[in-house]
Amino acid sequence: MVPWEGYASDETMGTFAPILLYWLYAGGYQLVLHRRPLQRYRLHTAAEEEEKNLVALPAVVRGVLLQQLVQAVVAMILFTITSDSSMVVVQPSIVVQMFQFLVAMLVMDILQYFVHRYMHQNKFLYRHIHSQHHRLIVPYAIGALYNHPLEGLLLDTLGGAMSFLVSGMTPRTAVFFFCFAVLKTIDDHCGLWLPYNAFQHLFQNNTAYHDIHHQLQGTKYNYSQPFFSVWDRVLGTHMAYDLVSRKEGGFEARPSRD
């Protein structure tokens, strides 16, 4: 039994719940990011955000909405192709669903690491596609899905589709997986190092880890996203960092040697 039982199908929720959750979670971060009590947790000052970022918030919002439009269309096509209305879908056991979750996480990580890395190594792809995301030198939550439309399709949308198909999860399980992936991606770009944030303490690949990648000296490192850092470590693209307190308040993720 799920809260949307009888109100919306699992396929509808799998399509639109992650989009709604994106704006609720990222919007919440955006509302508090510039509040004075939160300045002591920021990885960059407000002045740095204003000075270094090369794109304004309205353009970021438009870019994210475009990606989510494509994402919704692909999700509807995916669920239409894979669903059979004549069959009753039976949810597997919790243990099986946990295994499917793990498989989906690994599939998404593999695809995103290698495509992401190639977009940095190929000068044409970086200049014309991936550099759009790096216009946000100081990341913030709403910009988590600010990508070139082609990159959004390859990395996020098709990455999610492949995770769903390979793991064999049901549309109902996919609702939870897609929402979890959205929350993790937003958190990785939130720009805040929070003391009780579960994502930041359970995952080595977190907001400070990804912040290094957005810095000039880290653009060829820390490609892994959104869950694990294993591919960076195995293939020599891991850049360690120290989290240093700034005199004016907040933190700085400073590259260090492994």
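Modeller: The structure holds seven salt bridges, a salt bridge being a side-chain nitrogen of Lys or Arg within 4 Å of a carboxyl oxygen of Asp or Glu. This is a predicted model, in which local features need pLDDT of at least 70, side-chain atom pairs count only at pLDDT 80 or more, and totals for chains, interfaces and linings use all residues. Residues are numbered from 1 along each chain as its sequence is written, and side-chain values use heavy atoms, with hydrogens and water left out.

Colleague: What makes aspartate 10 and arginine 172 a salt bridge?

Modeller: Their side chains meet at 3.1 Å, N to O, and the limit is 4 Å, so the pair qualifies. Aspartate 10 lies in helix H1 (residues 10-33) and arginine 172 in helix H7 (residues 171-188), so the pair ties together parts that are 162 residues apart in sequence; helices are DSSP runs of H or I with at least four residues, numbered from the N terminus.

Colleague: Why is aspartate 10 called buried?

Modeller: Buried means under 20% relative accessible area, exposed over 50%, and partly exposed in between, with a 1.4 Å probe and protein chains only. Aspartate 10 has 16% relative accessibility and therefore counts as buried, and arginine 172, at 15%, counts as buried too.

Conventions:
Helices (H or I, at least four residues) and strands (E, at least two) are DSSP runs, numbered from the N terminus.
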